[in-house]
Amino acid sequence: MFLRVDLRRAYNCEIMLSNVKIPLPDMINAVLALDSSVLDIDQVENLIKFCPSKEEMETLKNYTGDKEMLGKCEQFFVELMKVPRVESKLRVFAFKITFSSQVNDLRLHLNTINGAAREVKESAKLRQIMQTILTLGNALNQGTARGSAIGFKLDSLLKLSDTRARNNKMTLMHYLCKLIAEKMPELLDFNKDLVHLEAASKVLKHFLDTAEAEVRSLISLYSEVGRNADSLSQYFGEDPARCPFEQVTQVLFVFVKMFNKSREENERLADVEKRKLEKEAMKERTVTNSSARKDGVK
């Protein structure tokens, strides 16, 4: 005899049970004991998905027939109902299984933020590039009120690709890359100093907002991260309230990408120009040799 359980739900439940391959009594004991050596997170989440509803529980409570006559899904529901507050118990079980990995993930994100803040502030190459940009800006603005600036807004970095030369062939970013390649080639690989920058630019803000509340053991690290995140904004003369950590890292990450793109474009153009000059030189040699042979024949 089958009780009133949706056929599709009963079918999916039976498929889930066939994949678990654990006798129902052993499964229930594992739930009661929160034993993660018997059930993994996927199995526990499936059990949560197939917890009997209130209506299904009421129907089964009123059933007085032979339980062996019930379908596999109904028998499973009957066993689960033996666990007090079964759905809450399963959710606690799932949290217990994932807690360590969640803490590790959180710790990884926090260390990524710390790493990015440290790398940016300690990069002498980035500091020299920033100084070069400031010098260029002052040179461009010479004779104006902005021609003797002692700093610039961080988001100005992203405007370098928008500022073009009069011939419209080269942006200020391309010129910066060209200048550095010619005068300070040792700075070209400055992005290698910033190994955590990309990851840090994508870290969700809630990791900082909720770390202390969720994981008491990380209070010290959380406090350190907060200080370092704010100090990174201050390092560039920005107000942390107006230019928070995630904005700083995002701007720097985009700047690094634009710099590398412009550098590669400069190198491609230089290579094209080099091949062009080589081709012209070869052509001139051919003409010269041809003329020499003709003179010899005469």
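Mentor: A helix here is a DSSP run of H or I with at least four residues, numbered from the N terminus, and its expected span is 1.5 Å times one less than its number of residues. This is a predicted model, where local features need pLDDT of at least 70, side-chain atom pairs count only at pLDDT 80 or more, and totals for chains, interfaces and linings use all residues. Residues are numbered from 1 along each chain as its sequence is written, and side-chain values use heavy atoms, leaving out hydrogens and water.

Trainee: How do you know that helix 7 has a span close to the expected one?

Mentor: Helix 7, residues 124-140, has 17 residues. From first C-alpha to last it reaches 24 Å, close to the 24 Å expected.

Trainee: Why is helix 1 called roughly perpendicular to helix 5?

Mentor: Helix 1 (residues 7-20) and helix 5 (residues 72-80) pack at about 70°, with axes 8 Å apart. Roughly perpendicular covers 65 to 115 degrees, so helix 1 is roughly perpendicular to helix 5. Contact means heavy atoms within 4.5 Å; among the residues making it are Cys13 and Leu17 of helix 1 and Phe76 and Phe77 of helix 5.

Trainee: Why does Glu79 count as buried?

Mentor: Buried means under 20% relative accessible area, with a 1.4 Å probe and protein chains only. Glu79 has 17% relative accessibility, so Glu79 counts as buried. Glu79 lies in helix 5 and touches Leu24 and Ile28, leaving aside residues up to four places away in sequence.

Trainee: What share of the protein chain is buried?

Mentor: Buried residues make up 36% of its 298 residues.

Methods. Helices (H or I, at least four residues) and strands (E, at least two) are DSSP runs, numbered from the N terminus. Axes are lines fitted to C-alpha atoms, for helices over the stretch in contact, and angles run from 0 to 180 degrees between N-to-C directions. Angles under 35 degrees count as roughly parallel, over 145 as roughly antiparallel, 65 to 115 as roughly perpendicular and the rest as oblique. Buried means under 20% relative accessible area, exposed over 50%, partly exposed in between (1.4 Å probe, protein chains only).
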